[in-house]
Amino acid sequence: MARVVSLYFPTFPTDRFRRVRGSAAPPAEEPVVLVTRRGSRREIAALDHAALSVGLRKGMPVSKAQAMIKSLHVAELDAAGDREAIERLALWALQRFSPLVAADHPDGIIMDIAGADHLHGGEEMVLEKILSQFKAAELLGKAALADTWGQAHALARYHKHPAVLVEPGQGASIIHDLPLPALRLPEATVAALRGLGFKTIKDLSVAPRATLTLRFGPEVGRRLDQAMGLVGEPIEPMELPEIIEVVRPFGEPIGAADTIAKYIGQLVERLVGALELKGLGAKRVDLLAHRVDNTTVTVRVGTALPIRDTKRLTRLLTDKIEKIDPGFGIEQLRLRAIQAEPLDPTQMINSLVDGDDQDVSALIDLLTNRMGQGALYRFAPIASDIPERSVQKVAPLSQEALSDWPSKWPRPTRLLPYPEPIDTMALLPDHPPVWFTWRGIRRRIKAADGPERIFGEWWKTDSEIAAVRDYFRVEDEAGERFWIYRAGDGEDPETGSHKWYLHGVFG
């Protein structure tokens, strides 16, 4: 079953206009509209949030808008440039989120994430990640995930929430109350339907189909059926010269898993050959299975490093065969290297060349594609004096970090997720506790080392300007070692609460 995400950028052209103009752009609080000409009339084609907030709308005559807002900034719409920009955004999404992505002109992107959502932690995480990454690129958008292109497109543009996740099979009932333009009908058709008293999709869906077809042609019925999932609307894969792909059509549709696996192996060999000719290695590969019912089933695999290893790529792809539903048969297999990077030839290890470095990338690729991208990681240091902020999750094979943990004072092997409060008895201000109670167990301290004073990061929050922690490494009578600290310097109440906490365990 398809699971389609529609991304909608309400102010995309104007946001792009501001970025292109840079310092020459008007201030963000002043409204901006981009205009185009329709016949002899100039009307608003795009507008930013400031213009929306003062009552301007798409299609409004420019003369009326200027009469309403004296400080209105007007610029010509670059339709060709915006079209190219949307296609570049679609390519960016193709390389990161889904094998099936297409531009939904003039203000959106459409993608089918079925078969790829597990790599990002599930459907909810996909929506959150997509919106956050576009927001980081200064593109404020809305997104909807549903069963069909029509449902997702309608919800992204006409639902009140910026992120809508529709459970499978529920989309048809949710879109009933949306207005007629949600069906992607021509403006003239929408105006005529409104003149007849139709206001919502539900009104239209219960009307006699024959009468609608006789008056408006087949387009109204087709859009209704697409939105309800009664008629397929496939997303055509983007055709770009930088994407290396190989194709295998079949005279007779195939469906057996062994047969699919055999042809996957053949396609991988051809793809590796094409990559070798260009000196590239694949980091992300998509398998598209085009079925006889005009739908496409996709599988995506990724690698930590660029590779041209036929056996490894074949294994990664064949591990996903259970996700390929052949339906009534597959008439074409297409294998694409969505993301490829330069890869130089390497020396094969033999008896004359010692292979000291153990290559674990194959194991990492296998686990990552089974469990998802976020499930496998390693810890690396990050520049921060605060212990819980001095560690970060990085990709398993990412380059070594430039910073390191402090070496003057030892750090515990196990750092607790959060410092846990403990009961103590200690001589203030510089002496370690005589004993402490943690998780219901009282421990008498035999030896201690400290204090190590750590100051707060005053540039982050005001509460840390005077904050202090005094850390001690202590050992109890059983030989267990712990890392504890007092919040505050022991004298000034502004430096902390002077309560004690356990933050880590040694060994």
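# Notebook: loops, rings and helices

I looked up Arg 184 and found it buried, at a relative accessible area of 17%; buried means under 20% relative accessible area, exposed over 50% and partly exposed in between, with a 1.4 Å probe and protein chains only. The model is predicted, so I noted that local features need pLDDT of at least 70 and side-chain atom pairs count only at pLDDT 80 or more, while totals for chains, interfaces and linings use all residues. Residues are numbered from 1 along each chain as its sequence is written, and side-chain values use heavy atoms, with hydrogens and water left out.

**Backbone entries**

Arg 184 is not a glycine, yet I read a positive phi of about 60° for it. I placed Arg 184 in the loop between helix H7 (171-174) and helix H8 (187-195). Helices (H or I, at least four residues) and strands (E, at least two) are DSSP runs, numbered from the N terminus.

Arg 439 also went on the list, with a positive phi near 55° in a residue other than glycine. I found Arg 439 in the loop between strand E16 (433-438) and E17. Arg 439 is exposed, at 53% relative accessibility.

I then noted cis peptide bonds. One joins His 105 and Pro 106, with omega about 5°. Pro 106 lies in the loop between strand E5 (100-104) and strand E6 (108-112). Another joins Gly 450 and Pro 451, with omega about 5°. Pro 451 belongs to strand E17 (residues 441-455).

I checked Ile 382 in the loop between strand E13 (378-381) and strand E14 (391-394). Its relative accessibility of 34% makes Ile 382 partly exposed. From Ile 382 to Pro 179 I noted 51 Å in space, C-alpha to C-alpha, and 203 residues in sequence.

**Aromatic entries**

I noted 12 aromatic pairs in the structure. Rings of Phe, Tyr and Trp (its six-membered ring) pair if their centres lie within 6.5 Å; planes under 30 degrees apart count as stacked, over 60 as edge-to-face and the rest as tilted. Phe 472 is in strand E18 (residues 468-476) and Trp 500 in strand E20 (residues 500-506), so the pair ties together parts 28 residues apart in sequence. Phe 472 is buried at 0% relative accessibility, and Trp 500 is buried at 6%.

I also wrote down one aromatic cluster formed by Phe 9, Phe 12, Trp 92, Phe 97 and Phe 134.

**Helix entries**

I looked at helix H1 (residues 12-21) and helix H4 (residues 79-96), whose axes come within 11 Å and cross at roughly 95°. Axes are lines fitted to C-alpha atoms, for helices over the stretch in contact, and angles run from 0 to 180 degrees between N-to-C directions. H1 is therefore roughly perpendicular to H4 (65 to 115 degrees; under 35 is roughly parallel, over 145 roughly antiparallel and the rest oblique). Phe 12, Pro 13 and Arg 16 in H1 meet Gly 81, Asp 82, Ala 85, Ile 86 and Leu 89 in H4, where contact means heavy atoms within 4.5 Å.

Helix H6 (residues 149-158) is mostly covered, with nine of its 10 residues buried. Among them are Trp 149, His 153 and Arg 157.

In helix H14 (residues 361-371), I listed buried residues including Ser 361, Asp 365 and Asn 369. Strand E11 (296-307) and helix H13 (310-318) are included in what covers the buried residues of H14.
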